[in-house]
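Thanks for coming. Please have a look at it first.

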Amino acid sequence: MRVKVGGKFIGEGEPVYVIAEIGINHNGSLELAKKLIDGAVFAGCDAVKFQKRTPELCVPKDQWHLERDTPWGRITYIEYRHKVEFGYDEYAEIDKYCKSKGIDWFASAWDEEAVDFLEQFEPVMYKVASASLTDDKLLSRIKSTGKPIMLSTGMSTLEEVDRAVNYLGKKNLLIAQSTSSYPCSLEELNLRVIDTYKKRYPEIPIGYSGHETGLAPSLAAVALGAVFVERHITLDRAMWGTDQAASVEIGGMYRLVKDIRDIEKALGDGVKRVYESELKSKIKLRRSG
């Protein structure tokens, strides 16, 4: 099964689709967002992803007025959430900039108003964040757009994943194994769930959304059959922000994409054969008794 996303296909037999999640690592700065887009393009990623929320709908009211230290000083949590949200002008510029750079972009919408907002820009697909997997109203609104959906499955039981898959339908659906810890320990990545999903949902392309430090688990996910990989991208893991420590810097993202392409070549087609390059060694070294 393959799903068409923008001008590319995601699925078996296709190159691994690599997503650089910018999320809110731009810290409310359009200039920083553009630098992260540039970094994703340099690394060879297929897409960048953002997050869009309506703060009043996504932040519980009992947390609105809790104060926290931020780059803008000590402000309430609801004020902070507004600071890191882009509006129409910023997304219009992001849309224009990504098109000029030849890279897809999309976002995880956290509420129905966010979907309505994003629809103005015709993103290539939507992501359902792990936290939203059981939000039926949001799932219904995203499904109504008719666009491909990437379903992230962190913090979810298999029964909850089954329910979401049945609700959304298997057409134009992608499923990502994920663990919602930032950063996530190696012992909790559970990459073998990729194989579990591949067997359970053979009609659906299965991928991986990682929050670990380092690159090895994401490469292992590809070796296990993930057909898309999503990792957070940052200019500096020491920057302020909740997702920065679980992100990959530009140089690391470049190595990740390069190594994924090498793995694709190395995996082959599974047909055992003798290669022409082996013949000299065969003549020279092979013994038969």
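A disulfide, for this talk, is a pair of cysteine sulfur atoms within 2.5 Å. What you have on the screen is a predicted model, and a search of the whole structure finds 0 disulfides.

Now the chain as a whole. How many helices and strands does the chain have? There are 11 helices and 13 strands. Along the principal axes, the C-alpha atoms fill a box of roughly 80 × 40 × 40 Å.

Of the 289 residues, 49% count as buried. On contacts: taking those with a separation of 6 or more, 65% are between residues 24 or more positions apart. The exposed surface comes to about 14300 Å², and carbon and sulfur atoms supply 50% of that. For charges, the chain has 41 positive and 43 negative ones, and their mean positions are 8 Å apart.

Next, some backbone details. As background, most residues other than glycine have a negative phi, and most peptide bonds are trans. Which peptide bond is cis here? The one from Y182 to P183 is, with omega near -5 degrees. P183 sits in the loop that runs between β10, residues 173-177, and α8, residues 193-200.

That loop between β10 and α8 also holds N190. N190 is not a glycine, yet its phi is positive, near 50 degrees. With a relative accessible area of 47%, N190 is partly exposed; the cut-off for exposed is over 50%.

E122 is another non-glycine residue with a positive phi, of about 50 degrees. Where is E122 found? It is in the loop between α5, residues 112-118, and β8, residues 126-128. Is E122 buried or exposed? At 53% relative accessibility, E122 counts as exposed.

Two more positions, and then I will stop. I263 lies in helix α10, which covers residues 250-267. I263 has a relative accessible area of 19% and is buried, since buried means under 20%. What does I263 touch, leaving out residues up to four places away in sequence? The answer is L219, V222 and A223. G210 is 53 residues from I263 along the chain, and the C-alpha atoms of these two are separated by 18 Å.

The other position is S29, in the loop between β3, residues 17-23, and α1, residues 30-43. S29 is partly exposed, with a relative accessible area of 26%. Between S29 and K83 there are 54 residues of separation along the chain, while their C-alpha atoms are 9.2 Å apart.

To go back to where we began: this is a predicted model, with 0 disulfides found in the whole structure. That is what I have.

How values were computed
Residues numbered from 1 in each chain as written. Predicted model: local features only at pLDDT ≥ 70, side-chain atom pairs only at ≥ 80, totals over all residues. Heavy atoms only, no water. Helix = DSSP H or I, 4+ residues; strand = E, 2+ residues; numbered from the N terminus. Buried < 20%, exposed > 50% of the residue type's maximum accessible area, 1.4 Å probe, protein only. Contact = heavy atoms within 4.5 Å. Areas by Shrake-Rupley, 256 points an atom, 1.4 Å probe, with all protein chains shown as cover. Lys, Arg positive; Asp, Glu negative; His and termini not counted. Charge placed at Lys NZ, Arg CZ, Asp CG, Glu CD.
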